[in-house]
Structures are given as C-alpha cells and as structure tokens.
Amino acid sequence: MSTSTTITPSTTAIRQHWVIGNWKMNPSLATAKSLTEKLSENLVKTTSLSRCKLAIAPTTLHMLAIKSILEQASAQIQLVAQDTAITRNTGAFTGDISADLLKEAGIEWVIIGHSERRTIHHEDEKLISQKIRATLDTGLGVIWCVGETLEQREAGQAMNVVTAQIQAHTDILTNIDINKLIIAYEPVWAIGTGRTASPEDAQQMHGSLRQMLTQIRAELNQTSLLYGGSVKSDNAYLLAKCPDIDGALVGGASLDADSFLQIAQAFDIA
Ligand code: PGA
C-alpha cells in the first residue's frame, strides 16, 4: 500500500456526487421494506441532502415493492439493478432480466462488472461490454465496477489491471452519454472484508482513472468516480475529502439506514 499523504486534485470540475447502496442478495422482503421505510422517512424528515444523490440496489425480486414505498414517501432515491442480460430485448434467456424490462419497472441504473459477478459468474470483458451496451441502448445508466484482487495489488499490478478493465471498452467510452456513466473503483480485497483502501491509495487510483478517462475523451473528466469496499460511516468522511472521489458504492453499511445516510451526508458536504 502507498504511504504517501499528498493528495493532489486532478481536476477542478464539479461532478455529481452519489452514494449507492448495493444490497446484494441480502434482506428478506420484510427487512427490505422496513429498511426502505426508514430510509424514506429519515430522508424526507431529517436528512437533507443538497449535493449527493442517493440510490439503492435491492434484489430484482423486491424492486416493485420497494419502488412503491419510495413513491408513497416521495423519497428521492433512485433504483438500481444489480445485473442485467446481454440483450436489451425480451427473449429466450432463462433466469435473465433485460434492460427493457428493468426500465419498464422504473429502474434507472444497472451495476455491471461487479467483482462478485466477475468471480462467481466468470463474467469477462466481452460479456461486460454486451451488458453495458444493452443497458445504454435502453437509456438506462451504467454503474461500472473495476478493481484489482489482493494478489494483483501485492504484485504491483493494481493500476495495470484497472487500466486494462477500462481500456477494454474504449469504443463505448468514446461515445457514451456522460450522464449515464458512473464508475466505481472497488478493490476486491476491500469488499466485505472491513479492510478499506486508505484515502491516499483510493485517491491515487481515482486520480489515475480520471486521467485515463480524460485521455480517451476530454468530457469524461466529469465522470462520477465512486469508491467501494468496506465504506462505513466512520471512514466515509476521509474518503469524501479526496478530490477525485465523488461518492461511494456501499454494500454492508447500506443495510443500516442510519449508516447509509451518514455516508451520504459525508459526500454531501465534501
Ligand atoms: P462492502 O461492499 O461495502 O460490503 O465492502 C461493497 C460492494 O460490493 O459494492
């Protein structure tokens, strides 16, 4: 890990701040509903966010129930799918859910390339590219995850791995609507382990990512770059101070309404 403490902004542009809860395969329907109710109530009554947008990614099975709670409470929380099919249409794809169907259900964003999909489902860059294209073709936004494993970091390969994950899709990045793109840097060794990247290491990667994107296309300088991997309410403030970190993709801590909203507040005032 880097021991550098110097954090230099790579840009002065103002990007959209986001805090996004990835619930993974976690809450039961009853818990998902009560979590959504608590989030909505706190957001409407006590936690005012001016700069940071909020989104949650429940299991697809619970999406419509959660959507109805959010609508009833008029809570400004967008809905994110945890995955999608390689085609945007309907068709013979057992077990999949296409971007057209997600859109019809009121979902606005899709997480693609999460390390759990890459590892458990062996998703490679070709498949990731198909999913990104299918998602963008429907007009939905992409929350695109990249990140290195512990072995790769220890071998000094972190930057090369992330660069390859981005550069595999230069053709998409050349044409993408920037408002439909969020990139989440999630070092795999930090996901669900309680071991967060230091703000210096995270900033270093985010700064390089922003530079890399800007070289592909100047406008991509404005991309919202989120950090993910054991973000909690007690480390969010330091991460939020890093000039190239625009928010967080939060797993475990998003299952607690208070923690999740505290993280959002950290990125709201940053
Ligand atoms: P975590 O998960 O916050 O539980 O580490 C993050 C993620 O997988 O997006």
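**Ligand shell and barrel of a predicted model**

A polar side-chain atom of Lys-24 lies 2.7 Å from an oxygen atom of the ligand, a polar contact being a pair of N or O atoms within 3.5 Å. The model is predicted: local features need pLDDT of at least 70 and side-chain atom pairs pLDDT 80 or more, whereas totals for chains, interfaces and linings use all residues. Residues are numbered from 1 along each chain as its sequence is written, and side-chain values use heavy atoms, without hydrogens and water.

- The ligand is surrounded by 13 residues (a heavy atom within 4 Å), and the closest are Lys-24, His-114, Glu-186, Gly-192 and Ser-230.
- This shell comprises 4 nonpolar, 7 polar and 2 charged residues, with Gly counted as polar.

**Barrel**

- Strands β1-β2-β3-β4-β5-β6-β7-β8 form a closed barrel with parallel pairing (DSSP runs of at least two residues, paired by at least two bridges).
- From one strand to the next, the twist averages 30°.
- Strand β4 (residues 109–112) is joined to the parallel strand β5 (residues 141–146) by 4 bridges, and Ile-111 stands opposite Ile-143 in β5.

**Helices on the strands**

- Helix α2 (residues 63–73) lies across β2 and β3, at about 170° to β3 (angles run from 0 to 180 degrees between N-to-C directions).
- Helix α9 (residues 199–216) lies across β6 and β7, at about 150° to β7; helices are DSSP runs (H or I) of at least four residues.

How values were computed. A polar contact is a pair of N or O atoms within 3.5 Å; within protein, one must be able to donate a hydrogen and the other to accept it, and residues adjacent in sequence count only if both atoms are side-chain atoms. Contact means heavy atoms within 4.5 Å.
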